[in-house]
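Please read the following report alongside the sequence and the coordinates.

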Amino acid sequence: MAREHRIALDHDLCMGNGQCILLAPGVFRHNENRQSEVTDPAAAPGETVLQAAIYCPTGAISVVDALTGEVLFP
Amino acid sequence: MASSPTAAAADPEDLFAPEVIADPYAYFGRLRETDPIHWNPRAELWVVTRYEDVVWLVRYHELFSSAVIKTDRRPPHPPIDPEDAPLFEQVRAFRSDQLVENDRPPHQSMRNAVHEYFTPQAMESWRSFVRAAVTELLDEAEPDGRMDVLEALAAPLPVRVITQMMGVPEEDREHLRHLADRLLYINRGEPDRMRHLMEGIRGMIEYVSPKVDERTAAPSDDFISVLARAEKEGVFTRHQVLVNTALLLFAGHETTMNLICNGTLAFLRHPDQWERLRADPAGASRLAVEECLRYDPPVKSTQRIAAEDVERRGKTIRKGDRIRWFMAAANRDPRAFEDPDRFDIGRQPNPHVSFGAGIHYCLGASLARIEGQEVFRALAERLDSLRLESEELEYAPSIQFRSLTSLPVAWA
């Protein structure tokens, strides 16, 4: 069976810089705490999401296995 | 504010006292533990030092305005020559149009207009230029067996990169270097600094104005073209185009100088970490730069001005109060970082606030990272016996910048 991906955001690390929102505006938005949140965690992690994960200043974004939580990216 | 040096040394609220300039970590670290939101009556501003408070403050940008220069009517500090008061007003008018001095909503449209140019991916395409510039500068210095890191590497590198981004032809580089040096007076304390600064500002306006006309008529892929397009689209006025071109030149200049000098010094003071970098310069430089940024940040503190009354930790910050938040203290907060006074180039995660946080997060962060990575990598690859030539190091008396005045090293 193919692995199910989930876009994960660690709110202990997110500083609310909004770099991900600029890079992938459809996938990330600000929540009421001024941190980023993922609009649709089950969305296919496209190129802009991978960019956001690589370049998140605090490393708060990852793509994980939906079942095991294993970090697949970065 | 002006007082004799003896009186200044005795005043615990003197943010320019020699011991505070020499070691901000002790002074602001003490405040962080005893009075994290502290009113400094001498400088007439709030000093905010805890990591949690810094992140909160920058996140609530509608409470803490970035339009400090425009809003704050207090006289310049340290004082300037009285006859230069009209120059100060000109500087104020100029700087008020800086992107970083704007709040939302204009800040958002301005930032969106230049965002594309500064994305991490777009900046990555500059790595080869940065690497070549570092190689060239070290080629010049290496035969001497010694150099002042500031003069030979840290000061010229960012100016080369930024003038290239502006599309400045080779023959104008020297002129731009001169103007960049004048613009550094923006962060200095000399009474006659307004004269030097205005020389830089006027020079930039004269130089850039015709370039904007050229790029409007025939756009290229340089930074001035990005701003010229934004002017056409009504996002920037012509004055804002000129101001923000100058902003690019000085915002990326002293900050990068300090990253390179302070980082190099951290390595020289921690030989075990230098050995760690030398073992894998290409692989270790990415995390190493983050730790250099955290451990001894280029910018010690930055300003906001309260847009309304705000309560925090039992203190009331009144509308119009100035606030200075210290990355230099937040980055060493034990609540946020394990063993915070240790320089550890493998530290991960490393959520330092040296580029700020929130909507004003440093636009040039990716470029600064690339410059730092390429410099430390090259130093580790080429100058393995690098050592400090003098223990008499001095920092410029600034409340904002952590700027060494020179950094003599040798390797022969």
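The sections below take up the basis of the model, the chain contact, a strand and a loop residue.

## Basis

This is a predicted model, in which local features need pLDDT of at least 70 and side-chain atom pairs count only at pLDDT 80 or more, while totals for chains, interfaces and linings use all residues. Residues are numbered from 1 along each chain as its sequence is written, and chains are lettered from A and ligands numbered from 1 in the order in which they are written.

## Contact between chains A and B

Chain A and chain B each give 14 residues to the contact, two residues being in contact if their C-beta atoms, placed from the backbone, lie within 7 Å. On the side of chain B that touches chain A, the elements giving two or more residues are α4 (51-59) and α8 (120-124) of chain B, where helices (H or I, at least four residues) and strands (E, at least two) are DSSP runs numbered from the N terminus.

## Strand β8 of chain B

Four of the five residues of strand β8 (residues 322-326) of chain B are buried, so this strand is largely enclosed by the rest of the structure; buried denotes 20 or more other C-beta atoms within 10 Å of a residue's own, with C-beta atoms placed from the backbone.

Strand β2 (residues 45-48) of chain B runs parallel to β8(B) and is joined to it by three bridges, with Arg324(B) in β8(B) as the bridge partner of Val47(B). Strand β5 (residues 301-306) of chain B runs antiparallel to β8(B), with five bridges between them, and Ser301(B) has Phe326(B) as its bridge partner in β8(B). Two strands pair if DSSP finds at least two bridges between them.

## Phe337(B)

Phe337(B) lies in the loop between α19 (327-330) and α20 (365-382) of chain B, and Phe337(B) is buried, with 21 other C-beta atoms within 10 Å.

Notes: Buried ≥ 20, exposed ≤ 12 C-beta atoms within 10 Å, placed from the backbone.
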